[in-house]
Structures are given as structure tokens and as C-alpha cells.
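Morning, everyone. Please have the model open on your screens. I'll take you through it step by step.

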Amino acid sequence: MSEQKELITDDNIARVKDLLVCLEKGNEMDAIEIIDELTSIRETELYQDMGKLTRELHDAISNFGIDDSISLMAEKSIPDARERLNYVISKTDEAANKTLEAVEESIPVCSELSQQASELHNSWEQFTRRELSADQFRALSKDITGFFDKTKGLIGVKDNLTEVLLAQEYQDLTGQIIKKVINLVEEVENKLVGLIKLTGAPQVSSKEDDSASSLDGPPVPSIQHKDTVSGQDEVDDLLSSLGF
Amino acid sequence: MKILVVDDFSTMRRIIKNLLRDLGFNNTSEADDGLTALPMLKSGNFDLLVTDWNMPGMQGIDLLKEVRADENLKSLPVLMVTAEQKKEQIVEAAQAGVNGYIVKPFTALILKEKLEKIFERIG
């Protein structure tokens, strides 16, 4: 508010006295003129205040940037980000399943081959020590042929390994998408800080959510959590301190 | 040895099943949260429960409490495999009667050790 102009001045007292005289004399024209003069004192103050408030409001709005950017964020960028993150989930899910499939297919082939190889190794050593009979040797040579047949399965294992290799492309794609979302989060953060400053709310230091019932999910190295363990060793220590 | 693996992520269930198979446990079943797991446990003659904590429906800790409160299931060994690392939560699980607590990410060796420890203790 602009400073209140002093009301009780000799000028104003004189004006009011004149006004009284005019009214008593029935001099309407002069009386109206004096009343106008008196009200204008008030009005100029009012207009000045209004003007100042309008200017402040205008500045605040333009500083805050209620241009297109914030509504664009709410209408487009944030729903977009949600879609992007959902896509990240489906991409990582796809990659994990592809990898698991390839691994699950390959493990039995590998274990069978390694099992057979160690059996053949034993038989071969017996052979070199001349401990095998002719019949046993025939069986061994049959086993070796069978083993060579089985090794054809290794082509499948190699293909599966290539599948696993290719499945890792998700890291590049999802990395790029997540970076975009991080940029958006940063932008939203800046706008929110602006909004808080505009409303004049004091910036309180963030309170930590200490409720035991809330689950933190996977720990993130750069984010400090109170009263957490880091790693299996600390879990084991904690449990053994409880008599486990 | 019949084992029930409970996790809301199918990939994690698959990983655990594969690791268990590697350790010689071939008879495994899966459930995606406590609500589906509990009726399976009640009718299935399982020898071990491996469960995540944070799941929709019924969480792992509540499943553990249900198991301990059930006359037929109360002595079933329960191994928790979870990303939750708050001390309070580990203590809560211990008090609820968990037999082992593994934090993710974990290794095949840790799973093996914890299983051995559980079976050693129950003899």
C-alpha cells in the first residue's frame, strides 16, 4: 500500500469549511466541485495502489513462466514420461526373458556334455593304462562317436550366447529414455521451486519418512537411507546379534 | 524336497528356480504373491518357502506371519529374498520367525549357504 497522505491539513480543513458555507448558501455547483476535490485525494491513492498491485502480479506471472511450458508439461511431457518408463519396464522384461530362455536352453546341453566328457576321460585313462578289454574298448569307441554327435548341440549354445549378447541392447535404449525422463524431472523441480518462491512459503528442510511400514525397495548407492544395512554381510551380522 | 518360490517378478522367480535346480532342487512351484501362495502352501506339502517381501496383494512378511500362525505350516522353513535393507525390517522378519534373510542382488553361493544353514538347523 502506498503511504497514506495526511488527511488533517489546513488545506483540507479550509476545503471542508468552504463546503459547509456553499451548502448553507445553497451553492450546489461549488459544493460539488469541493466534494470532487476531496474524493480525488482518496482516488489517486487507490489508483496508485491498484496500479502497483497489477504490476506486481504481472511480474510474478511472467517470472514464474506461466507460458506454455508448464501446461505443456502437465498435458504432454509427463504422460509421455510415463509411457517412456513403461516402455523401459517392457524392454528390460523382454531382455531378461530372452536371456533366461537362452540360458535355460543351454545349461542342460553344457551339463550333459561335461558329464559325458568326464566319463570318457575316465575310460580313456583306463585305456591308456591298458585296463580295457576288447569289448570295453568297442563300447568306448561307440561312446566317443555318440559324444561327437552330442557336441553338435554346442552350435545351439553358441547361438544362444549370441542371443544373450544381442539382448543387452536394451541397456542403450533404456539408458537414453531414462536420461530424457531425468531431464524432465529436473525441469519440473525447477518450476516447483519457482512456485514455492512465488507463494512465499518458507523452504522447509526435507523431512525424512521414517515410518517402519514403508518399504524402500532396492537401495540406491547415492541416496542415503537411515538405519539400513549394506549387503549380505551386514544382514548376517545383524541377525547373528539377534541370536540367529 | 518341494519348494515354493514367491515373487511378483517372473524373471526373479525364474532366476531363483534355475539356481535351485543347479543345487539339485528340481521340484519347485511358483506364486506371484502371498495371496496365491498361501492356498498352495496349505494344500501342497511344501518343504521350504522362498519369498520376496514387497509384493502386491499380500506381502512376504504377512505371508510369513500367516504361515507361522497356521497349525500345519508353522514349522515350515521360510527364506526371505528381498531388496529391503532397513534394519527395522530385518528385525521384524526375524521376530516373525524367518529362517533366513537374503538381500538382492545376491549370488548363487549365498543362496547355497543360507539353504545349507537352514537345513543344518532343522536337521
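How exposed is A:Asn97, going by its C-beta neighbours? This is a predicted model, so we count on the predicted coordinates. A:Asn97 has 14 C-beta neighbours inside 10 Å. A residue needs 20 or more to be buried, and 12 or fewer to be exposed. A:Asn97 is therefore partly exposed.

Where does A:Asn97 sit? In helix H3 of chain A, which covers residues 68–128. Now look for A:Ala167. Along the chain, A:Asn97 and A:Ala167 are 70 residues apart. Their C-alpha atoms are separated by 9.3 Å.

Step back to the whole of chain A. Count the elements: seven helices, zero strands. Read from the N terminus, the order is α-α-α-α-α-α-α. The chain has 244 residues, and 4% of them are buried. Next, take the contacts in chain A with a separation of 6 or more. Of these, 66% join residues 24 or more positions apart.

A:Arg130 is in the loop between H3 and helix H4 (134–150). Check its backbone. A:Arg130 is not a glycine, yet its phi is positive, about 55°. Buried or exposed, then, for A:Arg130? It counts as exposed, because it has 6 C-beta neighbours inside 10 Å, and 12 or fewer is the cut-off.

Over to chain B. B:Asn45 also has a positive phi, about 55°, and B:Asn45 is not a glycine either. Find it in the loop between helix H2 (34–44) and strand E3 (48–51) of chain B. B:Asn45 has 8 C-beta neighbours inside 10 Å, so B:Asn45 counts as exposed.

One more backbone feature in chain B. The peptide bond between B:Lys104 and B:Pro105 is cis, with omega about 0°. B:Pro105 belongs to the loop between E5 and helix H5 (108–122) of chain B.

Last topic: where the chains touch. How many residues does each chain bring to the contact? Chain A brings 22 residues and chain B brings 20. Which of them gives the most? That is H4 of chain B, with five residues. Now sort the chain B side by class. There are 10 nonpolar residues, four polar and six charged.

That's my tour. Questions, please.

Definitions and conventions:
Residues numbered from 1 in each chain as written. Chains lettered and ligands numbered in written order. Predicted model: local features only at pLDDT ≥ 70, side-chain atom pairs only at ≥ 80, totals over all residues. Helix = DSSP H or I, 4+ residues; strand = E, 2+ residues; numbered from the N terminus. Contact = placed C-beta atoms within 7 Å. Nonpolar A, V, L, I, M, F, W, Y, C, P; charged D, E, K, R; others polar.
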